[in-house]
Amino acid sequence: MSTSLTVLHPKGGVGRSTTVYMLGAELALRGHRVALIDRDQGQHLSRIWQVYPLDIPGLDLGDNEDVDLRIIDTAPEVDSARALGYLREADWALVPVKGPEAGSVLALPLLMEWLDQANGARLIGFLPTMHHVRRAESKQWMAELHKLASAYGVRVFPPVGNLSTLAAYRLDGHPYAPVAEAIEHTLVTTPSVATPA
Ligand SMILES: Nc1ncnc2c1ncn2[C@@H]1O[C@H](COP(=O)(O)OP(=O)(O)OP(=O)(O)O)[C@@H](O)[C@H]1O
Ligand SMILES: [Mg+2]
């Protein structure tokens, strides 16, 4: 039985599909068998995959159970019933937080309510995406994100920079490496919640 990780946030355009694609690539390059699953009716990930398929052994798009990890891309949700469905089918949830900026941070209490109600997926952490290091707004909302995360006892991963700016290019590794390492740790230490104890 594979472990599953759902990538979700109530808002659109926060970096869910990019996270699924890049994180899947990083984990497959580390030797894990990974299935990317597109649960967004907008099918953005599937369309990107058609044009830019990744030729990495062990990585594929499709609802395949025979893998180590299933990474699930989701649609932006204001509908709590569907959000709860995503959270009940997964062992883990990863939450990309664009910016951080006001809209993506202020939606998090709603998401925490869903997690609580679903009583399914465990939250692996908040992942700031499209981060502008020098922007005052990012600094302010990064501080708010950390406050909220510590109130809920949630980890905040090192941010993925805004890769459309040259200044964001890192020389010290793949931007998704810290998340990939955390997930590798859960793969080793945590049995799937779908597996009876
Ligand atoms: N780190 C990044 N740096 C720069 N641009 C990014 C980054 N991550 C994502 N983007 C861009 O931001 C846009 C939204 O990203 P993405 O499609 O991954 O978000 P999403 O949450 O899946 O959106 P949707 O609601 O459309 O499903 C895309 O154009 C994507 O290329
Ligand atoms: Mg998407």
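1. Start with Arg-39 and Glu-89: they form a salt bridge, with the closest N and O atoms 2.9 Å apart. Here a salt bridge is a side-chain nitrogen of Lys or Arg within 4 Å of a carboxyl oxygen of Asp or Glu. The pair ties together distant parts of the chain, 50 residues apart: Arg-39 sits in the loop between β2 and α2, and Glu-89 in helix α3 (residues 80-89). Helices (H or I, at least four residues) and strands (E, at least two) are DSSP runs, numbered from the N terminus. Arg-39 is partly exposed at 28% relative accessible area, and Glu-89 is partly exposed at 31%. The cut-offs are under 20% for buried, over 50% for exposed and in between for partly exposed (1.4 Å probe, protein chains only).

2. Keep in mind that this is a predicted model: local features need pLDDT of at least 70, side-chain atom pairs count only at pLDDT 80 or more, and totals for chains, interfaces and linings use all residues. Residues are numbered from 1 along each chain as its sequence is written, and side-chain values use heavy atoms, with hydrogens and water left out.

3. On to the other salt bridges; a search of the whole structure finds eleven. Arg-33 pairs with Asp-66, the closest N and O atoms being 3.5 Å apart. This pair also links distant parts of the chain, 33 residues apart: Arg-33 is in the loop between α1 and β2 (34-38), Asp-66 in the loop between β3 (59-61) and β4 (69-73). Arg-33 is partly exposed at 36%, whereas Asp-66 counts as exposed at 56%.

4. Have a look at Glu-77 too, which forms a salt bridge with Arg-82, the closest N and O atoms being 2.9 Å apart. Salt bridges that share partners also join Arg-39, Asp-63, Glu-65, Arg-70 and Glu-89 into one network.

5. Now the helix packing. The axes of α5 (residues 108-118) and α6 (residues 136-152) come within 12 Å and cross at roughly 20°. That makes α5 roughly parallel to α6. Axes are lines fitted to C-alpha atoms, for helices over the stretch in contact, and angles run from 0 to 180 degrees between N-to-C directions. Angles under 35 degrees count as roughly parallel, over 145 as roughly antiparallel, 65 to 115 as roughly perpendicular and the rest as oblique.

Conventions. Chains are lettered from A and ligands numbered from 1 in the order in which they are written.
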